[in-house]
Amino acid sequence: MLLQVIRPSPDSWLDLALSHHRATHYEDACEALRKAYALIESSGALYDAEIFTRLPLFLQEWGRTAEGWSEFAALHIKRLPGRRPHDPPAQRWLDRATICDKTRLFLQRDGQYDRAILYGIQFYVARCTACFHQASLGQIGPMRSRRAISSLLKPLLEKAGLQALEAILVNEVAGILRAVPDIDYRASMVRTAMLISMHRLKP
């Protein structure tokens, strides 16, 4: 009688990674995540983008912040496992929103509050763009409101001590959102960074 070999699934490695993380065994947690990612890559299975942001966040908790940032940098430029070129644009923008939001968290944990503002804004822009591609136009209207933008910015600016910049950035983000989806996202991020830097340089 032939014995069937049971191979670990991505889910089993992901569960093991969370178990190690809860026990603060960060090295084992990161290793389990890498095994899960390899299986996901080879299988072509579709997993939520949040799954792939766990490694850089776990590395940060392990004290390997530079390595964690490198992992985030890679997530921002490569296609996630299970994604294909012909996938709906909304999926790409939802992935981007998740990655930007977790990058914001990473930067806040590291005390880089100014940079965290940029990724908090990019999270919101990506969410709005995803709604556009999903034809969820009823959701975009409220998201473009100054009140909604202010609610996004307030906690980001408070952590950075930049509350005085709220009105300027509300105007900036409102302008970006009016242009969805025809936006130069890199240019908008550079412009926002310049606004923050210029405010910091004021005497």
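In this predicted model, the axes of helix α8 (residues 146-160) and α9 come within 9 Å and cross at roughly 130°, and the two helices are therefore oblique to each other. The crossing of α8 and α9 is right-handed, and the contact is built from R146, I149, S150, L153, K154 and L157 on the α8 side, with residues of α9 that include E166, L169, V170, V173 and L177.

Helix α9 (166-178) also takes part in the surroundings of α10, whose buried residues pack against α5 (89-109), α6 (113-133) and α9. Helix α10 itself runs through residues 185-201, and its 17 residues reach 25 Å from the first C-alpha to the last, close to the 24 Å expected at 1.5 Å a residue. Which residues of α10 are buried? They are Y185, S188, M189, T192, L195 and I196, and because they cover an arc of only 120° around the axis, they lie on the same side of α10. The face turned away from that buried side carries the exposed residues R186, M198 and L201.

Helix α2 (residues 26-43) can be read in a similar way. Its 18 residues reach 26 Å from first C-alpha to last, close to the 26 Å expected at 1.5 Å a residue. Y26, A29, C30, A32, L33, A36, Y37 and I40 are buried in α2, and their arc of only 160° around the axis puts them on the same side of the helix. These buried residues pack against α1 (10-22) and α3 (49-61), whereas the exposed residues E27 and S42 are carried on the face of α2 turned away from its buried side. Just after α2, G44 takes a positive phi of about 75°.

Definitions and conventions
Residues are numbered from 1 along each chain as its sequence is written. This is a predicted model: local features need pLDDT of at least 70, side-chain atom pairs count only at pLDDT 80 or more; totals for chains, interfaces and linings use all residues. Side-chain values use heavy atoms; hydrogens and water are left out. Helices (H or I, at least four residues) and strands (E, at least two) are DSSP runs, numbered from the N terminus. The expected span of a helix is 1.5 Å times one less than its number of residues. Buried means under 20% relative accessible area, exposed over 50%, partly exposed in between (1.4 Å probe, protein chains only). The arc is that of the directions from the helix axis to the C-beta atoms. Contact means heavy atoms within 4.5 Å. Axes are lines fitted to C-alpha atoms, for helices over the stretch in contact, and angles run from 0 to 180 degrees between N-to-C directions. Angles under 35 degrees count as roughly parallel, over 145 as roughly antiparallel, 65 to 115 as roughly perpendicular and the rest as oblique. A crossing is left-handed if the near helix is turned anticlockwise from the far one by less than a right angle, and right-handed if clockwise.
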